[in-house]
Amino acid sequence: MTNQYSQSLVPYADRSFQACLFDMDGTLLTSIGSAERVWSRWLRAHDLDPVVILPTIHGVQTIETITRLGIPGIDPRAEAAWIAREEAIDLDGVRAIEGAAEFVAGLPEDGWAIVTSATRVLAEARLAAAGLTAPPLFITAEDIANGKPAPDCYIEAARRLGKDVTQCAVFEDAPAGIAAGRAAGAPVVVITATHAHPVPTEHPQIRDYRGLTTIHSDGTMRLTSSR
């Protein structure tokens, strides 16, 4: 395990970053159980097979998934609001990815943000359930018209922090988010803690944040590991 980070982060070992931009679900915390329980109920109510649909829901805005399903006679916005409310109630099993709390605690106040496809209310509920501190900057579903895999969310997060997005490290877990970070021109680190199967990607991959820290200098930071 000693070489997990040193090998996987070699492409970024000597690179300085202006900020770290994190997806939330699957990246800083795991909420798969909650999301899939609520979505399964909703899908069955609409005579849809959760086994087929559930793999497509992760990393994108709920309203986009519902709209893509093309169910006649429903209001996608109202249905998305119902799912978000139910997910904010069902928080059983929501927990932090190992080492995440310690890692973000070591970041400068103006040096990180959470960039999530969840709503603000749901994001705050899940962070609290996982015991994670809310970030200095949230970019949520309400802030962005074009969700992941569009790069808008990461570009906006960097803009609000006053940083160059191409000099920000993006931490992601799902294909849509990885694509968003890449399209923004940012270096991407893939977190694999919740992956049941390997995700083909050219980006560095690490399982979690245990032992991962940052060294700060002149308004920038470098990733380093004690493992």
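1. A pocket, as the word is used here, is an open set of grid points with protein on both sides within 12 Å along at least five of seven lines. The model discussed in this note is a predicted one. Its largest pocket holds about 920 Å³ of space.

2. Who lines that pocket? The lining of the largest pocket counts 40 residues. Nearest the centre are I57, H58, G59, V60 and T62. By class, the lining holds 20 nonpolar, 12 polar and 8 charged residues.

3. At least two lining residues come from each of α2 (32-45), α4 (62-69), α5 (76-89), α7 (120-130) and α9 (175-183). The top contributor is α5, which gives 5 residues.

4. Now a residue of helix α2. S34 sits in this helix. Is S34 buried or exposed? S34 counts as buried, because its relative accessibility is 0% and the cut-off for buried is under 20%. Beyond residues up to four places away in sequence, S34 touches E87, D90, D92, V94 and R126.

5. The largest cavity has a volume of about 50 Å³. Its lining is made by Q61, T116, S117, T140, A141, I144, N146, G147, K148 and C153. Of these lining residues, 3 are nonpolar, 6 are polar and 1 is charged.

6. On to the packing. The largest nonpolar core has 31 residues. Inside this core, F22, L28, F103, L107, F171 and Y209 have the most contacts. Two or more core residues come from each of β1 (19-22), α6 (100-105), β4 (112-115), α7, β6 (168-172), β7 (188-191) and β10. Helix α7 gives the most, with 4 residues.

7. What does F171 touch, leaving out residues up to four places away in sequence? The list for F171 is C20, L21, F22, D23, T27, F103, Y154, V189, I191, Y209, L212 and L223. Apart from the core of point 6 lies another core, of 21 residues. Among its members are V165, V170, A186 and V188.

8. Strands β9 (residues 212-217) and β10 (residues 220-225) form a hairpin with 2 residues between the strands. The two strands run antiparallel and are joined by 6 bridges. I215 stands opposite R222 of β10. At D218, phi is positive, near 55°. As background, side chains in a regular strand alternate between the two faces of the sheet.

9. H203 deserves a look. Where does H203 lie? H203 is in the loop between β7 and β8 (205-206). H203 is buried, because its relative accessible area is 11% and buried means under 20%. Setting aside neighbours within four places in sequence, H203 is in contact with Y12, I178, R182, V188 and V190. V188 is also listed among the members of the 21-residue core.

10. One distance for orientation. How far apart are H203 and R85, C-alpha to C-alpha? H203 and R85 are 34 Å apart in space. In sequence, 118 residues separate H203 and R85.

Notes:
Residues are numbered from 1 along each chain as its sequence is written. This is a predicted model: local features need pLDDT of at least 70, side-chain atom pairs count only at pLDDT 80 or more; totals for chains, interfaces and linings use all residues. Side-chain values use heavy atoms; hydrogens and water are left out. On a 1 Å grid over the protein atoms alone, a cavity is a set of points where a 1.4 Å probe fits but cannot get out, and a pocket is an open set with protein on both sides within 12 Å along at least five of seven lines; lining residues have an atom within 4 Å of a point. Grid points are joined across faces, edges and corners, and a volume is the space filled by probe spheres set on the points. Ala, Val, Leu, Ile, Met, Phe, Trp, Tyr, Cys and Pro count as nonpolar, Asp, Glu, Lys and Arg as charged, and the others, Gly among them, as polar. Buried means under 20% relative accessible area, exposed over 50%, partly exposed in between (1.4 Å probe, protein chains only). Contact means heavy atoms within 4.5 Å. Two strands pair if DSSP finds at least two bridges between them. A nonpolar core is a set of buried Ala, Val, Leu, Ile, Met, Phe, Trp, Tyr and Cys residues joined through side-chain atoms within 4.5 Å.
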